[in-house]
Amino acid sequence: MIKLVEASAGYHARRRFASGSREDENIISNISLSFERGAVSSIIGLNGSGKSTLAKLACGLIAASSGDVLIDGVEISSIKRRKLAQMVSYLPQAQSYANVPIEVLVMHGRFPHLGYPRVYREIDRQIAKKAMDDMDIWELREKSLNEVSGGERQKAYFAMAMAQCTDAVFLDEPATFLDAPHQLDVIDHAKRLRAENKAVVMVSHDLNAALECSDMVALMNRGRLMAFSPPNDILSSGLIEKTFGVEIVEFRNVCGDVHYAFKRRQLY
Amino acid sequence: MKCFTRFSVNKASQAALCAFALLLSVLLGLSLGSARLSLPETVLGILEGDSTANGRILLYVRLPRVLAAVFAGSALAVSGAVIQEVLANPLASPGTIGVNAGAGFGAALCSASLGSVAPSSAMHSLMPLASFSGALSAVIIVSSISERAGSSKITLILSGVAISSLLSAGTNLITTLFPDSLLRTHSFQIGGLSGVSFESLFPAGWLILIFILAVLIMGGELDVLSLGEVSATSLGLNVKACKFMFLASSAMLAGSAVSFAGLVGFVGLIVPHVARMVAGTGSSRRLIVLSALIGGAFFEGCDIASRMLFSPYELPTGIVTAFLGAPFFLFLLIKRRRGYRY
């Protein structure tokens with residue numbers, strides 16, 4: 001659905017007078033991959049490796065300084081912002097949150113679907129209610145964002161992205177601030193979105209979650225895409241050990257589910 | 001869906017209460033003064049027109065002044081509410097980010113350069129435009145400086161203080177060098193409504209009505225913009241264009257008010273806070289309506305006080321707004337620090 005072809009980007013990737021070069025200011029360079037419908041893709045990598053930049057580039061929040069970003073074959077920069085917001089939603093990382101009630105925030109997820117004079121309809125209210133029910137925050141709907149915990153705030157933003165009803169959903173570290181049961185909920189939500197034939201892209205620090213629930217994993221290192229493969233291929237390639245400098249220990253629980261533990265590589 | 005409509009009665013009664021306060025202040029403004037009139041006398045006087053003494057006082061002195069107070073108060077309050085929402089900064093207002101000073105500079109420049117050559121009817125139309133140009137230039141300079149310097153809330157206020165001082169110095173320079181300028185009067189510098197006529201009020205009054213309506217229509221965009229740049233962009237908003245449109249509208253509102261009411265302080269800072277306390281957060285349209293109603297009532301109340309406190313002498317209204325506004329703002333700051341939320 002979303003295809004990147006040798007795309008590069010950065011936040012100040014514009015030519016500085018005559019002498020500067022765009023290459024110097026790119027945070028990510030020459031990325032080629034595609035995020036498909038009905039699949040969960042995870043972007044993993046060390047801090048500062050360009051994971052969020054890749055997500056923002058793929059959903060059109062920042063422009064490519066070179067290369068192409070295509071949605072269903074159409075160049076993303078040629079799609080109007082409102083139309084794009086009907087196709088792609090983005091849950092930002094560590095939002096600077098506004099002081100609004102949760103129900104109002106979630107309703108704003110319907111904004112791209114409204115015509116003038118931007119008045120919410122009954123259908124918008126029903127979709128927002130379902131998103132709040134799904135995220136288990138219906139009881140908190142009247143509370144303001146500064147009256148709830150970080151995790152509840154994160155769920156409210158997640159519900160806003162759900163209410164946007166897009167074919168592609170980008171989740172930039174969706175499990176941040178969430179306790180263990182709610183982290184598992186996020187994985188369940190991602191799987192549910194996959195079952196609805198949406199393209200789900202998660203930027204994640206949680207390697208276990210990324211390896212367990214993803215169909216494809218993009219491994220980033222210093223702005224370069226090291227691999228974009230199914231989790232098993234990534235694990236067997238040894239690239240995770242090399243990139244993160246850890247050893248991976250695989251174990252199974254009584255149900256036979258595979259989990260991974262990571263320990264620092266011994267330097268002797 | 002019950003949950004979403006539960007507060008509608010409350011919302012309607014809040015707006016009705018504020019509208020009643022505005023109506024009350026207008027009636028008081030019309031009946032109080034050196035010649036006190038009862039309510040029936042006031043209504044009768046307006047209906048009789050300029051055939052009676054009371055009618056002439058009401059039509060040529062009090063009505064323009066009351067309307068000017070309502071228009072200026074509403075315009076400054078809505079301008080402040082929009083600026084605070086767009087910049088996500090509760091300390092921002094036309095006074096603190098240099099919009100008022102820019103409007104004053106524009107008005108002073110226009111008055112000094114064209115005051116002696118242009119007819120007064122042309123000046124009444126030119127002054128709001130000159131104020132708007134000054135206000136818009138100030139808001140563009142201040143927001144681009146603060147963006148360049150790190151975009152923090154404090155940087156914005158500090159750069160507003162610096163630009164305000166610079167523009168005020170420019171206004172003072174003009175009024176010193178051109179002592180015959182229309183704006184030499186003390187009341188322009190502090191803000192006041194003495195001598196307002198229908199002719200000086202109406203070009204600006206129409207602009208105020210049009211821009212309050214425009215901001216109301218775009219309330220949905222303002223709601224989304226207040227979520228922050230990343231969220232607003234991902235919800236399909238062209239953030240830069242919207243920000244510019246809202247800041248230009250608030251500059252137009254403040255500029256129009258300054259063109260006939262002078263450099264009034266604090267209305268645009270405190271009224272949106274009061275409106276937010278009444279209305280809660282979450283709907284920019286509700287905030288704008290309540291700001292307009294409360295702003296009009298507040299400024300009219302201040303104008304009545306400025307006329308009545310030391311009657312028959314009259315204070316510039318800006319002194320009363322500052323005496324009431326500054327302590328109230330400090331009260332808000334202290335309450336906020338103790339965890340008070342609105």
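Two strands are taken to pair if DSSP finds at least two bridges between them. The legends below describe close-up views of a predicted model.

**View 1. Pairing of strand β1 with strand β2 in chain A.** Strand β1 (residues 2-9) of chain A runs antiparallel to strand β2 (residues 28-35) of chain A, and 5 bridges join the two. Within this pairing, Ala7(A) stands opposite Ile31(A) of β2(A).

**View 2. Pairing of strand β1 with strand β4 in chain A.** β1(A) also pairs with strand β4 (residues 66-71) of chain A, in the antiparallel sense and over 5 bridges. Here Leu4(A) stands opposite Val69(A) of β4(A).

**View 3. Crossing of helices α5 and α6 in chain B.** The axes of helix α5 (residues 99-114) of chain B and helix α6 (residues 120-148) of chain B come within 6 Å and cross at roughly 140°. The two helices, α5(B) and α6(B), are therefore oblique to each other. The crossing in which α5(B) passes α6(B) is right-handed. Residues of α5(B) that make the contact include Gly102(B), Ala103(B), Gly106(B) and Cys110(B), while those of α6(B) include Met127(B), Ala130(B), Gly134(B) and Ala138(B). By class, the contact of α5(B) with α6(B) comprises 12 nonpolar and 5 polar residues, with no charged residues.

View 4. Ser249(B) lies in helix α12 (residues 239-261) of chain B. Its relative accessible area is 10%; because buried means under 20% relative accessible area, Ser249(B) is classed as buried. Leaving aside residues up to four places away in sequence, Ser249(B) touches Phe211(B) and Val215(B).

Notes
Residues are numbered from 1 along each chain as its sequence is written. Chains are lettered from A and ligands numbered from 1 in the order in which they are written. This is a predicted model: local features need pLDDT of at least 70, side-chain atom pairs count only at pLDDT 80 or more; totals for chains, interfaces and linings use all residues. Side-chain values use heavy atoms; hydrogens and water are left out. Helices (H or I, at least four residues) and strands (E, at least two) are DSSP runs, numbered from the N terminus. Axes are lines fitted to C-alpha atoms, for helices over the stretch in contact, and angles run from 0 to 180 degrees between N-to-C directions. Angles under 35 degrees count as roughly parallel, over 145 as roughly antiparallel, 65 to 115 as roughly perpendicular and the rest as oblique. A crossing is left-handed if the near helix is turned anticlockwise from the far one by less than a right angle, and right-handed if clockwise. Contact means heavy atoms within 4.5 Å. Ala, Val, Leu, Ile, Met, Phe, Trp, Tyr, Cys and Pro count as nonpolar, Asp, Glu, Lys and Arg as charged, and the others, Gly among them, as polar. Buried means under 20% relative accessible area, exposed over 50%, partly exposed in between (1.4 Å probe, protein chains only).
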